[in-house]
Amino acid sequence: LYTSGRIKRSSKVVGNLLNIKPIITCIKKTGNLEVIDAVRGRKKVNHQILNYIIDFAANDQIDNIYIMHSNLQENADELEKVIQDYYPNVKIYKRPISSLFVIHTGPHIYGAVVTLK
């Protein structure tokens, strides 16, 4: 994020020292990536991603959830467990993330894509 100019150098240094992880979304209308939150620690990130999935789905039924990752298999596995505990009947697939996102965010990224029925 620092290299692409989305965050300042000071944010990068403080974020690394305090283990703060940004949560990014892809804006539907424009396709732009936007930082929507920052959470301290991987477990909190996974629970925050779950909260965003719950808010996104609202009253709709979830068809599938895709966990996308770039060289973070362990993180993807942990996120899968958190989501599976909340949505035990939803199919979850893990896939490598597109290089398009990695260009803009850096090599260590993971997250979820949700499709609704």
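These legends describe close-up views of a predicted model.

**View 1. The open sheet of β4, β3 and β5.** Three strands make up this open sheet, ordered β4-β3-β5, with mixed pairing. β4 (91-96) and β5 (109-116) are the edge strands; each has a single partner strand, so one side of each lacks a neighbour in the sheet. On average, neighbouring strands here are turned by 20 degrees against each other, direction ignored.

**View 2. The pairing of β3 with β4.** Strand β3 spans residues 62-70 and runs parallel to β4. The two are joined by 6 bridges. Opposite N64 stands K91 of β4. Strands of a sheet pair through backbone hydrogen bonds, in either a parallel or an antiparallel manner.

**View 3. Helix α2 across the sheet strands.** Helix α2, residues 42-57, lies across β3 and β5. Its angle to β5 is about 20 degrees. The end C-alpha atoms of α2 are 23 Å apart; this agrees with the 22 Å that its 16 residues should span at 1.5 Å a residue. Just after the helix, A58 has a positive phi of about 45 degrees.

Technical notes: Residues are numbered from 1 along each chain as its sequence is written. This is a predicted model: local features need pLDDT of at least 70, side-chain atom pairs count only at pLDDT 80 or more; totals for chains, interfaces and linings use all residues. Side-chain values use heavy atoms; hydrogens and water are left out. Two strands pair if DSSP finds at least two bridges between them. Helices (H or I, at least four residues) and strands (E, at least two) are DSSP runs, numbered from the N terminus. Axes are lines fitted to C-alpha atoms, for helices over the stretch in contact, and angles run from 0 to 180 degrees between N-to-C directions. Contact means heavy atoms within 4.5 Å. The expected span of a helix is 1.5 Å times one less than its number of residues.
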